[in-house]
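Here is a short note for a colleague who is opening this entry for the first time. Please keep the sequence and the 3D view at hand while reading.

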Amino acid sequence: MRAFVILLLGYTLSQFYRAFLAIVAVDLNRDLGLSAADLGQASAAWFAAFALGQFPIGYALDRFGPRRTVAGFMTAAVVGAAWFAAASSKVECLAAMALIGLGCAPVLMGSLYVFGRLYPPERFAMLSSLTIGLGSAGNLLGATPLALAAEAFGWRAAMLGIAGVTAAVALLVAVALRDPERVEGQGDESLLGGLKEIVGIRALWLIIPVTLVSYSVVIATRSLWIAPFLADVHAFDALARGNAAFVMGVAMSAGALSYGAVERLVGDPKRTVLLGSLVTGALFVGLGLAGHASGTVAVALLAAIGAAGLTYGILMAHARRFFPARLLGRGVTFMNFIFMGGAGLTQLLSGTFMARAGAAGLPPADTFAALHLAFGAVLLAAALLYLLAPARPAAEPVAPGAARA
């Protein structure tokens, strides 16, 4: 329980950092001249550093354990947050966001490593969903509370305060977290050797497409585009945008918490992920077709997307079934690389699209409709490929009451 609480604090900060840009976007445009494309690049820098950090982090988890790995990397987030608070240019913002992303990269993976080592596979999905659901409170902190703090003290002071909180959590991890015993095993224990083994697990190949897009389209909407969409299409002011982001964040947290119970009811992570992906894809299509009609309809659809879209924990539980214990750290971080690499790519591509659409003079309602329809289409296509993925390793027995795929 102690490890759960400690790592949950770190994951809450990670969620804050991946979502806060949308709320301070107007301030960054005013003070630093950052455009929509610049914001997309800044968010992509966070996700790119986060994703690339997964490879050394997976090796470090298997070799050194979560305490030193998480605490060590979190120092980069402290430096990055303080630098962001003092940034005076686009280049500084990009560099600071990359440092923050690298510092946040091991937090959830440390939790999943502990769950995978200490608990049976059938409890992994529930514990993962619980962590993601409760940790998504960071999304809430990056909505109305951040908007209020930025209005009262300025966005720079608010970010400096978050840097201090991050430093305190990193110190807590270093002092109070305890590592599971290290697993010894046969095989190539090097970073590249373990990665080669993981890539060679053919069952993952059909899981990867939905991994690449399922999280990325939801987090791009929440972290980057919800505020510009509501401002440009529905004329929401700063507080109203913060409240809408808060509502979507609450829905994401509640949805992630609920997915653990849904998976236990369905009895199979694959079927649970498939259902959630199809529903989320359909909701994005609905947002593209009807999201311009009214602000109320738009916020309701965004909240529904948040509630249905966080299949992350269950999808990770599905992939975890195929990893041997000695490669667990590298396995979960490889999958997280796909999740976060997809998120960074989506941020970058969507930012480029929005910039070009603006330069071409397209109406904001049409531009955002096209963006949301594209998000829905790619998610639905990935879900269809996921239908072909195996539900479990061939040698793994089916638990009583579990659904067969």
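The points below go through helices, aromatic pairs, cysteines, salt bridges and a surface patch.

1. Ground rules. This is a predicted model, in which local features need pLDDT of at least 70 and side-chain atom pairs count only at pLDDT 80 or more, while totals for chains, interfaces and linings use all residues. Residues are numbered from 1 along each chain as its sequence is written, and side-chain values use heavy atoms, with hydrogens and water left out.

2. Start of the chain. Helix 1 covers residues 2-19 and holds Val 5; helices here are DSSP runs (H or I, at least four residues), numbered from the N terminus. Thr 12 lies in helix 1 too. Thr 12 is buried at 16% relative accessibility; buried means under 20% relative accessible area, exposed over 50%, and partly exposed in between (1.4 Å probe, protein chains only). A polar atom of the Thr 12 side chain lies 2.8 Å from the backbone oxygen of Leu 8.

3. Surface patch. Met 1, Val 5, Leu 9 and Leu 172 make a nonpolar surface patch of about 380 Å². Such a patch takes residues with over 30% relative accessible area and no salt bridge, joining nonpolar side chains (Val, Leu, Ile, Met, Phe, Trp, Tyr) within 5 Å. Val 5 is partly exposed, at 41%.

4. Aromatic pairs. The count is 14 aromatic pairs. Rings of Phe, Tyr and Trp (its six-membered ring) pair if their centres lie within 6.5 Å; planes under 30 degrees apart are stacked, over 60 edge-to-face, and the rest tilted. Phe 20 and Phe 84 are edge-to-face, because their ring centres are 5.3 Å apart and their planes at 85°. This pair links distant parts of the chain: Phe 20 sits in the loop between helix 1 and helix 2 (21-32), Phe 84 in helix 5 (residues 66-86), 64 residues apart. Both are buried. Phe 16, Tyr 17, Phe 20, Phe 84 and Trp 155 form one aromatic cluster.

5. A second aromatic pair. Tyr 215 and Phe 339 are edge-to-face as well, with centres 6.4 Å apart and planes at 90°. Tyr 215 belongs to helix 13 (residues 208-234) and Phe 339 to helix 18 (residues 328-359), so the pair ties together parts 124 residues apart in sequence. Tyr 215 and Phe 339 are both buried.

6. Cysteines. How many disulfides are there? The count is 0, where a disulfide is a pair of cysteine sulfur atoms within 2.5 Å. The sulfur of Cys 93 is 16 Å from its closest cysteine sulfur, in Cys 104, which is too far for a bond. Cys 93 is buried at 1%, and Cys 104 is buried at 4%.

7. Salt bridges. The structure holds 7, each a side-chain nitrogen of Lys or Arg within 4 Å of a carboxyl oxygen of Asp or Glu. Asp 27 and Arg 30 form one at 3.2 Å, N to O. Both lie in helix 2, 3 residues apart, about one turn of the helix. Asp 27 is buried at 16%, whereas Arg 30 is exposed at 55%. Arg 30 also bridges to Asp 31, with the closest N and O atoms 2.9 Å apart.

8. Across helices. Lys 90 and Asp 38 meet in a salt bridge at 3.0 Å, N to O. Lys 90 lies in helix 6 (residues 90-104) and Asp 38 in helix 3 (residues 36-52), so the pair ties together parts 52 residues apart in sequence. Asp 268, Arg 271, Arg 321 and Arg 392 are linked in a network of salt bridges.

Terms used:
Patches are made of residues with over 30% relative accessible area and no salt bridge: like charges are joined within 9 Å, nonpolar side chains (Val, Leu, Ile, Met, Phe, Trp, Tyr) within 5 Å. Accessible areas come from the Shrake-Rupley method with a 1.4 Å probe; for residues, only the protein chains shown count as cover. Helices (H or I, at least four residues) and strands (E, at least two) are DSSP runs, numbered from the N terminus. A polar contact is a pair of N or O atoms within 3.5 Å; within protein, one must be able to donate a hydrogen and the other to accept it, and residues adjacent in sequence count only if both atoms are side-chain atoms.
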